Amino acid sequence: MKKGKFIVIEGCEGAGKSKQSVMLKDALIARGFDAVVTREPGGAPLGEKLRELILDPSYAPDAVTELYMYSAARRVHLNESVFPMLESGKIIICDRFVYSTIAYQGYGRGLDVDFIREVNRKTIEPLKVDLALFLDVPPEVGFARKGGADKSDRLERESLEFFGRVYDGFKAMSERGELVRIDACGEKAQTAEKILAAVLGAL
Ligand code: TMP
């Protein structure tokens, strides 16, 4: 099925994922590649609707429900958007993916990580990720950067302790070699260069 490439950008709040995803897309397009940015949760009409529900602070789903909500949004995103774009040969830059589920619902909420990996495997098949980057910015630095948490986002109402566990999750995945760590604490342009070099090396 797959002709394009699937690249993931992960990290904590305020790590600069969204801005860096767009900068990467522009840099790839400038080099003649057909690149697009998408995001999770979201990235497709039904996926964006699910995103609103998942992040709405008026609901309080438990960790298992959260896992399945993110997974449902992910499957919709893949079917409606990612698989057709891969088929047409695009380089897809995805702002968050299955690694966020391991970091947030696993390390953050305390759900069994092996169980999450199994759900993730089934949710994304037959997709293979070509490259997954972890933009390493500690959560306290990330929140300071973005001027505090966005309280209209249910997840951002969590404690700094929660985000500390999420950060440890991303670090553990980079130590296992699942994520390639990029130090993203410096200047935006410097980080963009590191990301581009890692991606060009994987194309
Ligand atoms: P965003 O703010 O980066 O767009 O992501 C929305 C929130 O959803 C963010 O706090 C991380 C969280 N999230 C999870 O908890 N699990 C997941 O699987 C994904 C994709 C995101």
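Predicted model: local features only at pLDDT ≥ 70, side-chain atom pairs only at ≥ 80, totals over all residues.
Q: How do you know that the length of helix H5 agrees with its number of residues?
A: H5 covers residues 113–124, which is 12 residues. At 1.5 Å a residue they should span 16 Å, and the end C-alpha atoms are 16 Å apart, so the two agree.

Q: Which residues of H5 are buried, and what puts them on the same side?
A: The buried ones are Ile116, Val119, Asn120, Thr123 and Ile124. They cover an arc of only 115° around the axis, so they sit on the same side of H5. Helix H3 (63–87) and helix H4 (98–108) are among the elements covering them. On the face turned away from that buried side, H5 carries the exposed residues Asp114 and Lys122.

Q: Why is Pro139 called buried?
A: Pro139, in helix H6, has 3% relative accessibility. The cut-off is under 20%, so Pro139 counts as buried. Among its contacts beyond four places in sequence are Phe163 and Tyr167. Pro139 and Tyr167 are 28 residues apart in sequence, with 7.0 Å from C-alpha to C-alpha.

Q: What makes Lys90 and Asp34 a salt bridge?
A: Their closest N and O atoms are 3.2 Å apart. The limit is within 4 Å, so the pair qualifies. Lys90 lies in the loop between H3 and strand E3 (91–95), and Asp34 in the loop between helix H1 (17–30) and strand E2 (35–39), so the pair ties together parts 56 residues apart in sequence. Asp34 counts as partly exposed, at 40% relative accessibility.

Q: How do you know that Arg74 and Glu40 form a salt bridge?
A: Here the closest N and O atoms are 2.6 Å apart, and the cut-off is within 4 Å, so this pair counts too. The pair links distant parts of the chain, with Arg74 in helix H3 and Glu40 in the loop between E2 and helix H2 (45–55), 34 residues apart. Arg74 and Glu40 are both buried.

Q: Why is Glu161 called exposed, but Arg165 partly exposed?
A: Exposed means over 50%, so Glu161 makes it with 62%. Arg165 has 34%, which falls between the 20% and 50% cut-offs, so Arg165 counts as partly exposed. Their side chains meet in a salt bridge (3.9 Å, N to O). Both lie in H7, four residues apart, about one turn of the helix.

Q: Why is Leu203 called partly exposed?
A: Leu203 has a relative accessible area of 34%. Leu203 lies in the segment after helix H8 (188–202). Together with Phe33 and Leu200, Leu203 forms a nonpolar surface patch with about 210 Å² of accessible area.

Notes: Residues numbered from 1 in each chain as written. Heavy atoms only, no water. Helix = DSSP H or I, 4+ residues; strand = E, 2+ residues; numbered from the N terminus. Expected span 1.5 Å × (residues − 1). Buried < 20%, exposed > 50% of the residue type's maximum accessible area, 1.4 Å probe, protein only. Arc of directions from axis to C-beta. Contact = heavy atoms within 4.5 Å. Patch = residues over 30% accessible without salt bridge, like charges linked within 9 Å, V, L, I, M, F, W, Y side chains within 5 Å. Areas by Shrake-Rupley, 256 points an atom, 1.4 Å probe, with all protein chains shown as cover.
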